Structure formats: structure tokens, C-alpha cells
Amino acid sequence: MNRSSTKAQAGANLPALRHHNAALVLDLLRAAGAEGVSRLELAERTGLTPQAVSKITARLRAEGLAVGAGLRPSTGGKPRTVLRLVPDARFAVGLHLDRDGLTAVLVDLAGRPVAVSSAPLDFGAPADRVLADAADAVRDLRAAEPRRPVLGVGVAAPGPLDHRNGVLHRVTGFPQWDGYPLRDALAERTGLPVVVDKDTNAAALALALDDPGGDFAYLHLGTGLGAGLVLGGEVHRGARTGAGEFGHQTLQLDGPSCECGGRGCVEALCLAAEARGDRAEAARVLGMGAANLVGLLDIDRVVLGGRTVAADEDAYVRGVRAVIEERAARGGTGAGVSVTAARGGDRPVAEGAAQLVLAPVFGRVGGGL
């Protein structure tokens, strides 16, 4: 993914912020890519002194995270040494635990996938069996780069869940997971740090890092329906990390029953329309929910994803956009809101799960280790 950096955060020359300042430097190195960046430029962009930058970059080079990338002509004095990130110095694993499938990805520090696997998964099976499948996927990915350290495992799972403590709640259709300590159980099996978040939040994080700026909602329609919200440049999880349960807003009081126990939920209506082959109706229903979200949050864009959307991206983008524009034409909010599809089907979820591990390394909000 392209990690072009926006304006860098200001650094601080305080010992207590050593990790923070190093993260700022690492993020600028990542944004610079293969071209690299000089120490003087790093000092200018972070606000750190040249001496502080020299100490940080020396440490990063000693840890194998940065390397010299040649010399850049100077306008005065001797040429400047250019440094670049070493993307394959560290890796992170991302897992997408869906209701019927497991996608696993190993990414480098630049966020580039270097190994990907997918397999069926029965999320309704006993927890030990699901955890064994997840741990096996992690082991197999680590074997792809056996000499490189893996920083941790990010897990994207259906919500609702407790992101801070890595505990699942009553996943729609799978109430047996309520209260299960997924983070700690998988960490024990893999011997790696683990962070857990909702699948929609993981995808939203990846999208925000890839294309920063503006408030948006990521709507994921696959085996279920949920939302990931990015507000003020950060993934919005809410006070109890339960924000984004978009699929269970009621659109029809006397509508069909939903596995959550309610009736007429947007998820139930969407999936029912898809099941009978009426994709236009499914897109219209999704658009009604999206228009409600746009009206509530006044967001700039809506991004659609998930395997159901990927099966006919144009139909869903057209349908959702039409409802939002119709609402705006009647005087509601939504004028100028863009509606696009995320590429790659379910892969952005697994890649976003890996970003849950990488984001704190680069001083980015949204991670969890």
C-alpha cells in the first residue's frame, strides 16, 4: 500500500518520548520509500534537533530497521547521507476470522503482503478447534520468513467485541463466543503478542492509512454486515469499543426476523434480497442504511467492501450512491459524498488486521499492542 505521509507530528526532545520520536522517524522513512530521506530533512519535519535525529537513526540502523541509501547532492557543504526503511526487517501477521473462512497474511513493515493463505473455517465449531486453525495459519506464515522476527498477530473477527481486552461478545449467530478471551488464548498458542478488533475496524484502519484525510464509513457486506468508522483521522470504536454495529439498525419494524433477535434489520433485509437474486434491492437497502449514517455523521465518503459487494461492485456502488443522492436532493445531507468500492474482496480485512500491529510502531493511531 502507498503510505504517503501527511504533515508529520511534531517531535519532542524528552527522554520519556524516546519511543514516540523514533516512531515519527520510522514513519517518515516508510513514507519516503526507496528514495529515502536525509537526517536534516528528518529533523526539519519532526522538529527534533539534528543531534536527536542522529541518535535515533543510529539506533534504528543498529537494529536493522534503517540503512543507508546513498548520497544526495547538497546546495552547500558535503553531500547528505540518505536513509531508508528496511521493509523486511520485521513482519506482522493479520488474520481475518470470518464465519466460514480464514484469511491469513504476512506483511512487511511497508504493509506489503509477502505471503497469503486462505482456508475454510467453521466459526461455530468448538473454540479449541477454531484457535488451532488460527495458530496453524500463523505458524505456516512464519515459516515463509523463518529468520525474520514477527512483531505480533492482529486478528479481525466479527463483532461485537471488546477491543481493549480482546474478548468476544455475542457474535450474531454464534452466541457461544460471548465472553471468550480470544486475544489471550491465541497469544498462548502462538507465543506472540495479539491484538483483536472487529473486521470492519481493521479494514477501516487499512483504508485510512492508505488514503488519509476526511471522515468516512467502511461498510462490509459478506456473511454479515457491519461498519468501520474513521472520524477525525482515527478509527472510532466508542466508549466500550462497540461502535459500528451498523447491520442491526432497524429499517422495517414488521420486517423479517434477524439472527440478532430483532426484526427488519438492514443486514437481514440485505442478505434476504441477495438470497432471492434481487441485487438491486439489496443495494437499495444498503443505501438506505448508508444514507442514515451519512445524515447522522456528515461523513465525506462511503467505502463498500466484502465478498458480497465484490461479486458485483458496480451494482452496489450505483445503488448506494443513488439513495444517498436522492436523500441529498430532498434537502438532506449527502451532497458530494463519494461512494466507492474497496478492492480485493476480503483481503483488506486481513491486511488491516496486520496494521493493528504495525500502526503503533510508526506512531499511528488505531493499533493495539
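This is a predicted model: local features need pLDDT of at least 70, side-chain atom pairs count only at pLDDT 80 or more; totals for chains, interfaces and linings use all residues.
Residues are numbered from 1 along each chain as its sequence is written, and side-chain values use heavy atoms, with hydrogens and water left out.

Q: What is the volume of the largest cavity?
A: On a 1 Å grid over the protein atoms alone, a cavity is a set of points where a 1.4 Å probe fits but cannot get out. Grid points are joined across faces, edges and corners, and a volume is the space filled by probe spheres set on the points. The structure holds 1 cavity of 30 Å³ or more. The volume of the largest cavity is about 190 Å³.

Q: Which strand gives the most residues to the lining of the largest cavity?
A: Lining residues have an atom within 4 Å of a point, and 19 of them surround the largest cavity, with Arg99, Gly159, Asp199, Leu225 and Gly226 closest to its centre. Helix 6 and strand 12 (225-231) each supply at least two; helices (H or I, at least four residues) and strands (E, at least two) are DSSP runs, numbered from the N terminus. With 3 residues, the greatest contributor is strand 12.

Q: How many residues lining the second largest pocket are charged?
A: A pocket is an open set with protein on both sides within 12 Å along at least five of seven lines. The second largest pocket, of about 260 Å³, is lined by 15 residues, and those nearest its centre are Leu207, Asp210, Ala342, Arg343 and Pro348. Asp, Glu, Lys and Arg count as charged, Ala, Val, Leu, Ile, Met, Phe, Trp, Tyr, Cys and Pro as nonpolar, and the others, Gly among them, as polar. Besides 7 nonpolar and 2 polar residues, the lining has a charged count of 6.

Q: Are the residues of strand 14 buried or exposed?
A: Arg301, Val303 and Gly305 point one way from strand 14, and Val302 and Leu304 the other way. Buried means under 20% relative accessible area, exposed over 50%, and partly exposed in between (1.4 Å probe, protein chains only).

Q: Which residue of strand 15 stands opposite Leu304?
A: Two strands pair if DSSP finds at least two bridges between them. Strand 14 and strand 15 run parallel and are joined by 4 bridges. Opposite Leu304 in this pairing stands Ala341.
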